[in-house]
Amino acid sequence: MAPLEAKRTLVKSPPELWAEVSDVAALARHLGEFGEIRITRTEPETVVEWEGDRASGTVRIEPSGWGTRVTLTAEAIAPEPPRDAVPEPAAEPAPHPECEPEPVADPVPEPPRRRGLWARLFRLRAPVDEPLPVVVELEPEPVAVEPEPKPEPEPEPVPEPLADDAAREVLTGVLDTLGAAHHRPFSRG
């Protein structure tokens with residue numbers, strides 16, 4: 001799309017129009033058809049450069065006789081060709097060393113059992129000959145677990161540029177909205 005331009009002299013003061021077009025939220029309300037609007041550069045009281053998902057452009061404000069000259073321009077942003085997503089090769093799990101059972105060492109002689117409180121108080125002797133059970137814990141064999149494949153991110157939909165007629169209608173609609181008289185509530189008697 002070639003750069004489109006819409007001009008009009010509005011019966012409003014430059015500071016009043018500047019307040020409307022230099023605010024990102026207000027500008028996004030007017031130019032919402034072009035996607036999410038971001039202000040990229042401003043020259044105080046005269047120029048606002050903006051960029052959207054579908055187009056970019058400028059708003060110029062100039063004092064003119066009985067009003068303010070407002071010039072809107074817009075140029076479509078060429079959609080980027082979709083990049084072919086090359087999936088990364090799945091990482092091979094590191095080979096686990098085979099678990100070999102460790103040889104059981106000779107049993108270590110256990111220290112003699114301590115006597116309990118009652119046995120020490122009354123000098124009773126507990127039988128020391130009872131062997132305690134030996135518990136041998138074996139580590140389980142590691143199991144190779146395949147990592148879950150990561151889902152491929154879906155490509156973001158590329159917004160289609162507006163047709164020239166639709167873009168021109170948006171620009172003239174912005175001028176109509178900016179030039180409309182806004183009555184303050186409760187100002188009439």
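**Chatting through a predicted model**

Reader: Which residues make up the nonpolar patch on the surface?
Author: In this predicted model, the patch is formed by Leu 117, Trp 118, Leu 121 and Phe 122, which together have about 510 Å² of accessible area.

Reader: Where does Leu 117 lie, and in which helix?
Author: Leu 117 is in helix 3, which covers residues 117–122. Its relative accessible area is 53%, so Leu 117 counts as exposed, the cut-off being over 50%.

Reader: OK, stepping back. How many helices and strands are in the chain?
Author: Four helices and five strands. Reading from the N terminus, the order is β-α-α-β-β-β-β-α-α.

Reader: And what share of the residues is buried?
Author: Of the 189 residues in the chain, 20% are buried. The accessible surface of the chain is about 15800 Å², with 56% of that belonging to carbon and sulfur atoms.

Reader: Which residues touch the most other members in the largest nonpolar core?
Author: That core has 24 residues, and the ones touching the most other members are Val 21, Leu 27, Leu 31, Phe 34, Trp 50, Val 59 and Leu 171. At least two core residues each come from strand 1, helix 1 (14–21), strand 3, strand 4 (55–64), strand 5 (67–76) and helix 4 (164–179).

Reader: Which helix gives the most to this core?
Author: Helix 4, with six residues.

Reader: Pick out Leu 27 for me. What does Leu 27 touch, not counting residues up to four places away in sequence?
Author: Leu 27 touches Glu 20, Val 21, Ile 37, Ile 39, Val 48, Trp 50 and Val 59.

Reader: Glu 20 is a charged one in that list. Which side chain does Glu 20 meet in a salt bridge?
Author: The side chain of Arg 29, at 3.7 Å from N to O. Glu 20 is partly exposed at 27% relative accessible area, while Arg 29 is exposed at 60%.

Reader: How many salt bridges are there in the whole structure?
Author: A search finds seven. One of them joins Asp 53 and Arg 38, at 3.8 Å from N to O. Asp 53 sits in the loop between strand 3 and strand 4 and Arg 38 sits in strand 2, so this pair ties together parts 15 residues apart in sequence.

Reader: Which residues are linked with those two in a network?
Author: Glu 51 joins in: Arg 38, Glu 51 and Asp 53 are linked in a network of salt bridges. Asp 53 is partly exposed at 36% relative accessible area, and Arg 38 is partly exposed at 32%.

Reader: What about the hairpin, which residue takes a positive phi?
Author: Glu 45, near 65°, in a hairpin with three residues between the strands.

Reader: Back to Arg 41. Which residue forms a salt bridge with Arg 41?
Author: Glu 43 does, with the closest N and O atoms 2.9 Å apart. Both count as partly exposed: Glu 43 has a relative accessible area of 33%, and Arg 41 is at 37%.

Reader: What is Pro 3 in contact with, leaving aside neighbours within four places in sequence?
Author: Ala 74 and Glu 75.

Conventions. Residues are numbered from 1 along each chain as its sequence is written. This is a predicted model: local features need pLDDT of at least 70, side-chain atom pairs count only at pLDDT 80 or more; totals for chains, interfaces and linings use all residues. Side-chain values use heavy atoms; hydrogens and water are left out. Patches are made of residues with over 30% relative accessible area and no salt bridge: like charges are joined within 9 Å, nonpolar side chains (Val, Leu, Ile, Met, Phe, Trp, Tyr) within 5 Å. Accessible areas come from the Shrake-Rupley method with a 1.4 Å probe; for residues, only the protein chains shown count as cover. A salt bridge is a side-chain nitrogen of Lys or Arg within 4 Å of a carboxyl oxygen of Asp or Glu. Buried means under 20% relative accessible area, exposed over 50%, partly exposed in between (1.4 Å probe, protein chains only). Contact means heavy atoms within 4.5 Å. Two strands pair if DSSP finds at least two bridges between them. A nonpolar core is a set of buried Ala, Val, Leu, Ile, Met, Phe, Trp, Tyr and Cys residues joined through side-chain atoms within 4.5 Å.
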